[in-house]
Amino acid sequence: MTDKPIKHIELSSAEWEQIKSKIIEEFGQKIIITWVLKRECGFTVRSHTDWNDGNYHRVICLDFYDEQMKTWFILKYL
C-alpha cells in the first residue's frame with residue numbers, strides 16, 4: 001500500500017450505512033477502527049457536509065490506498 005490515497009468514492013449516509021453493516025457482518029465490529037479498516041479493506045472513511053439545493057447533505061468519502069482494494073470494494077459492495 002502507498003501512503004497517498006488514490007481517488008475516493010463518495011456515498012450518501014444511507015448508502016454508507018448499508019455497506020458498513022455488510023462489512024461489520026463479514027469482519028466483525030472491530031473493523032470500524034480506522035487502522036483496522038485501512039489494513040483489512042484498503043480505505044479510510046471521512047465525513048463532511050455539503051451545501052446543495054439550499055440544504056445540508058452529509059457526504060461519506062472512502063479514501064482508498066490501493067487500486068486493487070478499490071476494485072474489490074466496487075465489485076463486492078456497489
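Predicted model: local features only at pLDDT ≥ 70, side-chain atom pairs only at ≥ 80, totals over all residues.
Local features were taken at pLDDT of at least 70 and side-chain atom pairs at pLDDT 80 or more, while totals for chains, interfaces and linings use all residues. Residues are numbered from 1 along each chain as its sequence is written, and side-chain values use heavy atoms, without hydrogens or water.

The largest nonpolar core has 15 residues. A nonpolar core is a set of buried Ala, Val, Leu, Ile, Met, Phe, Trp, Tyr and Cys residues joined through side-chain atoms within 4.5 Å. Buried means under 20% relative accessible area, exposed over 50%, and partly exposed in between (1.4 Å probe, protein chains only). The residues with the most contacts inside this core are L11, W16, I19, I23, F43, L62 and F73. Two or more core residues come from each of strand 1 (9-12), helix 1, helix 2 (34-41), strand 3 (55-64) and helix 3 (67-77). Helices (H or I, at least four residues) and strands (E, at least two) are DSSP runs, numbered from the N terminus.

I9 is found in strand 1. I9 counts as buried because its relative accessibility is 11%. Beyond four places in sequence, I9 touches I60, C61, L62, F64, K70, F73, I74 and L78. Contact here means heavy atoms within 4.5 Å.

The whole structure holds seven aromatic pairs. Rings of Phe, Tyr and Trp (its six-membered ring) pair if their centres lie within 6.5 Å; planes under 30 degrees apart count as stacked, over 60 as edge-to-face and the rest as tilted. W16 and F43 have ring centres 6.2 Å apart and planes at 85 degrees, so this pair is edge-to-face. The pair links distant parts of the chain, with W16 in helix 1 (residues 13-27) and F43 in strand 2, 27 residues apart. Both residues are buried. W72 and Y77 also form an edge-to-face pair, at 5.7 Å centre to centre and 85 degrees between the planes. W72 is partly exposed, at 28% relative accessible area. Y77 is buried, at 8%. Ring pairs join W16, F43, F64, W72, F73 and Y77 into a cluster.

F43 touches W16, I23, L37, K38, L62, D63, F64, Y65 and F73, leaving aside residues up to four places away in sequence. T44 is found in strand 2 (residues 43-52). T44 is buried, with a relative accessible area of 13%. The charged end of K38 sits over the ring of Y65, 4.0 Å from its centre. This term requires NZ of Lys or CZ of Arg within 6 Å of the ring centre and within 35 degrees of the ring normal.

The axes of helix 1 and helix 3 come within 12 Å and cross at roughly 105 degrees. Axes are lines fitted to C-alpha atoms, for helices over the stretch in contact, and angles run from 0 to 180 degrees between N-to-C directions. The two helices are therefore roughly perpendicular (65 to 115 degrees). Helix 1 makes the contact through I19, K22, I23, E26 and F27, and helix 3 through W72, F73, K76 and Y77. K22 is partly exposed, with a relative accessible area of 48%. K22 and Y77 are 55 residues apart in sequence and 8.3 Å apart in space, C-alpha to C-alpha.

Definitions and conventions. Parallel < 35°, antiparallel > 145°, perpendicular 65-115°, else oblique.
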